[in-house]
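Let's take a walk through a protein model together.

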Amino acid sequence: MRFLAALAVVLGVSIGVGWPNGTSGHQTGYQIIVQMTPPTKSSGSSPTLTCGWHTACVSPWSSGVGLDWDDDDDGYGNSWYFRGVMVTTNSAGGAVFKGTPLVNQTGSEVCERMTVWVTEFHHGTLRAAPMYTHVNITSASAFTVPGSVLGTYYSKKVGETIDDHGDSCDFFGSHVHEWDITVNSPPTTTSRNTTKYPSASTCHTTCGTHRNDLASSWTRKFTWNEGAN
């Protein structure tokens, strides 16, 4: 992103958090793989990566888990999406998890930071927490995400880009900083696509375009076995 000066502690997300309305689902015992893809522009588009893996996209270039995505640079108010290709080893497919948009950090002196909690159906347990900075939420309703053995593409508009200038926010124009935090317990394996996407030290301006509805464009993967503790 061109990012936040100080990384605040994420409220309750870095530990396992139970979701109060969880129910046992038919994915229990199967593996779920959530393959996140670029969060900007309409489905089927190829947004530009404007800064490779980083914490803050400023010199000296730091390594990190964030990627910056162009949102057309046409002012602010451009849509951002929770999207990706969802896989289950259950041949019956069906709903694989619930997504819930939440405000993680807000205020006039900090970067605006949103998340979508990914919770399983078995116990309603938090399994992943992708994060999005320099944006707001325009649709806070929870949503159910489908999956299949071959992978099901899913895209849901969650909010829009904003003018995020603040005293403690490094911000250089409209874009989405996509990242994630680790959910420690129960176990979720997180993988980041450092083969496809470069580090900020290698590229921090125009780093190629990437189709946002293809599994091959995955930025990060969250993998878990449904019902595992």
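**Bridges, bonds and one exposed valine**

Start with the bond between Cys111 and Cys169: the torsion about its S-S bond is about 105 degrees, so this disulfide (a pair of cysteine sulfur atoms within 2.5 Å) is right-handed. The two cysteines sit in distant parts of the chain, 58 residues apart. Cys111 is in the loop between S5 and strand S6 (113–119), while Cys169 is in the loop between strand S9 (152–160) and strand S10 (175–181). Strands here are DSSP runs of E with at least two residues, and helices are runs of H or I with at least four, numbered from the N terminus. The sulfur atoms of Cys111 and Cys169 are 2.0 Å apart.

Before we go on, a word on where this comes from: you are looking at a predicted model, where local features need pLDDT of at least 70, side-chain atom pairs count only at pLDDT 80 or more, and totals for chains, interfaces and linings use all residues. Residues are numbered from 1 along each chain as its sequence is written, and side-chain values use heavy atoms, with hydrogens and water left out.

Is Cys111 buried or exposed? Cys111 is buried, because its relative accessible area is 1%; buried means under 20%, exposed over 50%, and partly exposed in between, using a 1.4 Å probe and protein chains only. Cys169 counts as buried too, at 8%.

How many disulfides does a search of the whole structure find? It finds 3. Another one joins Cys51 to Cys57, with 2.0 Å between the sulfur atoms, and this link is right-handed, with 95 degrees about the S-S bond. Cys51 has 0% relative accessibility, so Cys51 counts as buried. Then there's the bond from Cys203 to Cys207, 2.1 Å from S to S, which is left-handed at -105 degrees. Count the bonded cysteines along the chain and you get the pattern 1-2, 3-4, 5-6.

Now for charged side chains. The structure holds 7 salt bridges, each a side-chain nitrogen of Lys or Arg within 4 Å of a carboxyl oxygen of Asp or Glu. One of them pairs Asp180 with Arg220, whose closest N and O atoms are 2.4 Å apart. That pair also links distant parts of the chain, as Asp180 is in strand S10 and Arg220 is in strand S12 (residues 220–225), 40 residues apart. Asp180 is buried, with a relative accessible area of 3%, and Arg220 counts as buried at 0%.

Elsewhere, Glu120 and Arg127 meet in a salt bridge of 2.9 Å, N to O. Asp213 and Arg211 form one at 2.6 Å; here Asp213 counts as buried at 18%, whereas Arg211 counts as partly exposed at 36%. Salt bridges can also share partners: Glu178, Asp180, Arg192 and Arg220 are joined that way into one network.

Val103 counts as exposed because its relative accessible area is 51%. Leaving out residues up to four places away in sequence, Val103 touches Arg113, Met114 and Ile137, where contact means heavy atoms within 4.5 Å.

Finally, how confident is the predictor? The average pLDDT, a per-residue confidence from 0 to 100, is 86 for the protein, and 86% of the residues score at least 70. Over residues 1–24, though, the pLDDT is below 50, and this stretch has 76 contacts in the model beyond near neighbours in sequence.

Technical notes:
pLDDT is the predictor's confidence in each residue, from 0 to 100.
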